[in-house]
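Thank you all for coming this morning. Please look at the sequence and the model on the screen while I talk, and keep your questions for the end.

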Amino acid sequence: MRALELGGPDDLDNMGPAHAACALLKNQGDHRRAAQAKRQKIQYIGADASKRPLPFGRASPWKRKLSGEIVPR
């Protein structure tokens, strides 16, 4: 079954396992998949900040002039 946070149905058939150990494993897997889906969605819509910005890009505190000189922005 699918977790509620992944779009699963909210009914009795979609209930978790009765054993504590089984439930722990299922919940860990569900949360892992939900977090991955959220990361993919954020990346798809372009809302994530680049972890590796371009050198001398707009986010950089430095600017390179046409002459090659590097100056603070």
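What we have is a predicted model, in which local features need pLDDT of at least 70 and side-chain atom pairs count only at pLDDT 80 or more, while totals for chains, interfaces and linings use all residues. Residues are numbered from 1 along each chain as its sequence is written, and side-chain values use heavy atoms, with hydrogens and water left out.

Let me start with helix H1, which covers residues 20-45; helices here are DSSP runs of H or I with at least four residues, strands are runs of E with at least two, and both are numbered from the N terminus. The 26 residues of H1 should span 38 Å at 1.5 Å a residue, and this agrees with its end C-alpha atoms, which are 37 Å apart; the expected span is 1.5 Å times one less than the number of residues. Just after H1, glycine 46 has a positive phi of about 80°.

Which residues of H1 are buried? They are Ala23, Gly29, Asp30 and Ala34, where buried means under 20% relative accessible area, exposed means over 50%, and partly exposed lies in between, with a 1.4 Å probe and protein chains only. Aspartate 30 counts as buried because its relative accessibility is 5%, and its side chain is joined to that of arginine 33 by a polar contact of 2.6 Å, that is, a pair of N or O atoms within 3.5 Å, one able to donate a hydrogen and the other to accept it, with residues adjacent in sequence counting only if both atoms are side-chain atoms. Leaving aside neighbours within four places in sequence, aspartate 30 is in contact, meaning heavy atoms within 4.5 Å, with Ala3, Glu5 and Leu6.

Glutamine 28, also placed in helix H1, counts as partly exposed because its relative accessibility is 39%.

Turning to the loop between H1 and strand E1 (62-64), we find serine 60 there. Serine 60 is buried, since its relative accessible area is 14%, and its side chain reaches the backbone nitrogen of tryptophan 62 at 3.1 Å.

Finally, the largest pocket has a volume of about 190 Å³, and of the 14 residues that line this pocket, the closest to its centre are Arg2, Ala3, Leu4, Asn14 and Lys26. A pocket is an open set of 1 Å grid points where a 1.4 Å probe fits, with protein on both sides within 12 Å along at least five of seven lines, and lining residues have an atom within 4 Å of a point; the volume is the space filled by probe spheres set on the points.
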